[in-house]
Each structure stands twice: as structure tokens, then as C-alpha cells.
Amino acid sequence: MSDHERITLLVREHFAFVWRVLRRLGLGEADADDAAQRVMIIVAKRVNDVKPGSERAFLFRTAWFVAQKEHRARRRRPEQLDLESDAHESTGPNPEEQVAEREKRETLDAILARMPLDLRAAFVCFEIEGLSKHEVAEVLDIPMGTAASRLRRAREEFARQARRLGWFPRSRGAIA
Amino acid sequence: MSDIERWTDEDVPDEIRELFSAARRERPRPRVLEKTLLAVGVATAGTLATSAAAATVPASNLVVVLKWGLGGVLSGLLVAGGASVVLDRPKPRVDVAVATASVEVEAPQARGTISVRQVAPAKPAVPAVVTTTPSVRPSAAFGASPEADRLMAEELAILDAARAAVDSKDGARAQRELAKHQRKFGTTGRFLPEARYLELEASLLSKDQKQAQRAAQQILSQDPGSPHARRARSVLEQNP
């Protein structure tokens with residue numbers, strides 16, 4: 001497979017994954033569009049450094065760096081409205097279902113936004129996007145044992161923040 | 001290490017599980033993917049050509065590396081220019097002849113098979129810049145030859161023009177650009193899924209439901225998991 005073919009495949013297969021990760025790491029839809037493009041360009045230029053089988057870990061790690069940079073840049077500039085946030089083409093469920101879906105995502109993002117970025121990255125990586133424990137360790141550049149303890153802390157923090165927003169009854173769930 | 005299971009495999013409240021599912025269902029707009037593919041093509045045009053040459057040619061053949069590097073830079077410029085300009089014919093390519101020998105590179109069929117042959121005795125004592133037309137045959141591998149890169153630049157430029165027409169709601173202009181793409185690349189283009197998606201949007205703008213349905217069916221039959229599949233299904237459902 002040529003580099004070009006591999007890059008095209010990477011972009012086509014993983015673009016939605018990268019975009020979702022950026023959204024969960026706190027970027028608005030329009031910012032996620034631009035940032036996902038930057039991630040793909042970076043990865044395309046370094047395609048020879050991407051080990052087969054580690055594509056998602058490499059992409060997540062790059063997305064995390066880009067998201068951190070975006071957060072730093074955002075602190076330096078005035079808040080901008082995400083004018084495209086409601087501009088999704090009506091390709092999915094009916095309008096009521098779309099509203100319900102959006103509300104769920106907004107709730108999730110509100111909980112995640114209250115978490116420290118390193119715990120948030122670990123949580124999104126493992127619990128939402130389904131990367132393996134090994135991939136989490138690779139993404140965060142930490143030993144497997146540290147990854148496991150960070151995931152536990154991330155889970156506890158998520159539950160704590162969810163409870164504060166009324167989304168995690170103390171009597172239910174694995175985390176009390 | 002102490003093991004840890006995925007939380008959603010354990011006893012997580014359904015409300016929380018639903019939040020995660022909603023997040024996993026979120027998708028970017030298809031045209032964002034398409035724009036990214038174009039941007040990645042533009043951004044990597046020069047680097048891939050150059051790195052392909054550097055990786056496969058012995059250091060002693062510096063002249064070949066220089067030639068490929070220059071070709072890469074030129075093809076990068078071609079691609080960058082191609083974002084707004086449609087190329088109608090091959091551009092002349094600047095070639096470098098160096099004091100010791102002039103060499104010609106046969107385009108490889110795949111990476112790592114560059115062959116170099118002497119075509120002329122050592123002549124000029126001073127590096128000279130001459131203009132030639134491409135003498136390489138097209139190859140499927142991106143960055144494998146200037147001709148292949150030129151074709152890709154041309155395809156990207158046509159699709160970019162079509163996308164711009166769709167963005168400005170000009171279905172007729174978009175369809176003209178896509179007809180040009182069809183004439184030039186038929187079924188051998190590298191960005192056929194993007195072309196099909198643009199065809200779908202252009203047909204809808206032109207109120208050509210039958211053509212839109214055909215494009216939607218092609219998207220689904222060629223790649224049901226494509227990022228454009230949801231849009232295609234939606235069009236078919238709305239126009240049974």
C-alpha cells in the first residue's frame with residue numbers, strides 16, 4: 001500500500017473518531033471541524049511513524065495535543081459563537097430525536113468540562129471511544145498500571161461531577 | 001497492574017449509558033471529511049514525493065534525489081494552485097542537469113523500484129536549468145511520479161470547483177464540473193466517493209431526483225459504511 005493510499009484510508013476510516021474526540025475534549029462543532037483537519041494533516045505528514053495497529057492511539061494523542069493547543073488559544077481570545085452548531089444536515093432521526101440526542105451530548109460535555117483535562121482524556125479514550133487499556137497507556141505515555149489508576153480516578157471524578165448535575169443517583173451505579 | 005474493566009460493561013445507570021451512546025452516534029458533516037481529504041492532499045503533495053525519493057534512492061544518486069525533490073515541490077505547487085485553477089494540459093517541468101551526467105527517472109509502478117539509467121554523456125560544466133515535458137508514465141502510487149501527482153492535482157481542482165459550486169447552491173455548475181471529472185477520470189479517479197457525494201448534492205440542487213437517487217444507490221452499493229452513507233439513505237428514504 002502506498003503512503004497516499006494509507007493516508008486516504010486513515011482519513012476516511014478515522015475522521016469521525018477524531019472529530020468526536022475533539023468534541024468530547026471541549027471543542028465546538030466548527031472548531032472541531034478545523035482541528036480535525038489539522039490532526040489529519042499532522043498525521044499524514046508523519047504517516048511513516050504510525051505503527052500498523054496503533055492508528056487510533058496515534059490519532060487520539062495528536063487530537064489531544066491539538067485540543068490542548070486550542071484551549072490555550074481560546075483563553076487568549078474572546079469567546080466566539082459557534083454559528084454552525086445547529087447547521088447539521090437533517091440526515092438522521094426526526095427533529096425531536098435530534099433535539100434529545102443533542103441534549104444528551106450537551107449534558108455529557110457539561111460533565112466532562114468539569115474534569116481536569118488529563119482525566120477527561122483518559123475517560124473519553126477508554127469509556128466513550130472504546131480504546132483498549134494498552135492504547136490508553138500509549139496515548140497518555142504512561143505505564144499500564146498508572147493508566148489503570150488514572151482511569152479509576154477519571155471514573156470517580158466523572159461520577160462526582162455527574163452527581164453534582166443530578167445525573168448520577170448515589171444509590172445506583174458502580175461508583176457510590 | 002491492577003486490572004480495570006470498561007465501566008459500561010458494569011452496572012452503570014441507563015441514563016449514563018445513554019449519554020455515552022449519544023456521544024458515539026455523533027458524526028461530522030460529510031463535507032468536512034471531503035474538505036479534509038482535499039486539504040491533506042494539498043499539504044502532503046510535496047513531502048510524500050520527496051520522502052519517497054529519499055527513502056528509495058541511494059545517496060550517491062544525489063542528482064536523482066534533487067530531481068525528485070524538485071518534482072515534489074513543483075507538484076506541491078501544482079496541487080496548491082489546483083485548489084482554484086483547473087489545469088487543462090500538462091505543465092512543462094523544470095529539470096536540472098548537473099555536470100557529471102544527465103539522468104532520466106522511470107516512474108516506478110510501486111515504491112522502492114526506481115530505475116536510473118544514463119541517457120547522455122557528461123556535458124555541461126555548470127548546472128543548467130532546462131525545460132522539458134514529463135517523460136514518465138502515470139502510476140497509481142501518489143508521489144510516485146510527477147505525472148501521477150499532476151493527475152491528482154487536476155482531479156482535486158475539479159472536485160474543489162464542484163464543491164464550491166455546491167456550497168454556492170449552483171447545482172448546474174457543479175454538475176458541469178462533475179461531468180468534466182467523469183470524462184477525465186471515469187471510474188479510475190482517486191476521489192470517487194467524494195465525486196459521488198457531490199453528484200448527489202448537485203442533483204438535489206438541480207431538482208434531478210432520479211440522478212440523486214442513482215448517486216445515493218452507488219454510494220451505498222460501493223461502501224455502505226461510508227461517511228456519506230447516512231446522507232444517501234436519507235435521500236432514498238425521502239424519495240422512495
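## Helix 1 of chain A

In this predicted model, helix 1 of chain A bends by about 55° at A:H14. Most of helix 1 of chain A is covered, with 18 of its 22 residues buried, and just after the helix A:G26 adopts a positive phi of about 105°.

## Make-up of chain B

Chain B contains eight helices and four strands, which follow one another from the N terminus as α-α-α-β-β-β-β-α-α-α-α-α. Of its 240 residues, 46% are buried, and its accessible surface amounts to about 11500 Å², with 55% belonging to carbon and sulfur atoms. Among contacts in chain B with a separation of 6 or more, 63% are between residues 24 or more positions apart.

## Salt bridges between and within chains

Over all chains, 28 salt bridges are found. One of them pairs B:E18 with A:K104, whose closest N and O atoms are 2.7 Å apart; since B:E18 belongs to helix 1 of chain B and A:K104 to helix 4 of chain A, the pair joins two chains. Both residues also take part in a network of salt bridges, whose members include A:R23, A:E101, A:D109 and B:R29.

B:D160 and B:R163, by contrast, form a salt bridge at 2.7 Å inside helix 4 of chain B, three residues or about one turn apart, and both are buried, whereas B:D167 is partly exposed at 32% relative accessibility.

Notes: Residues numbered from 1 in each chain as written. Chains lettered and ligands numbered in written order. Predicted model: local features only at pLDDT ≥ 70, side-chain atom pairs only at ≥ 80, totals over all residues. Heavy atoms only, no water. Bend = angle between axes of the 7 residues up to and from the residue. Buried < 20%, exposed > 50% of the residue type's maximum accessible area, 1.4 Å probe, protein only. Contact = heavy atoms within 4.5 Å. Areas by Shrake-Rupley, 256 points an atom, 1.4 Å probe, with all protein chains shown as cover. Salt bridge = Lys/Arg side-chain N within 4 Å of Asp/Glu carboxyl O.
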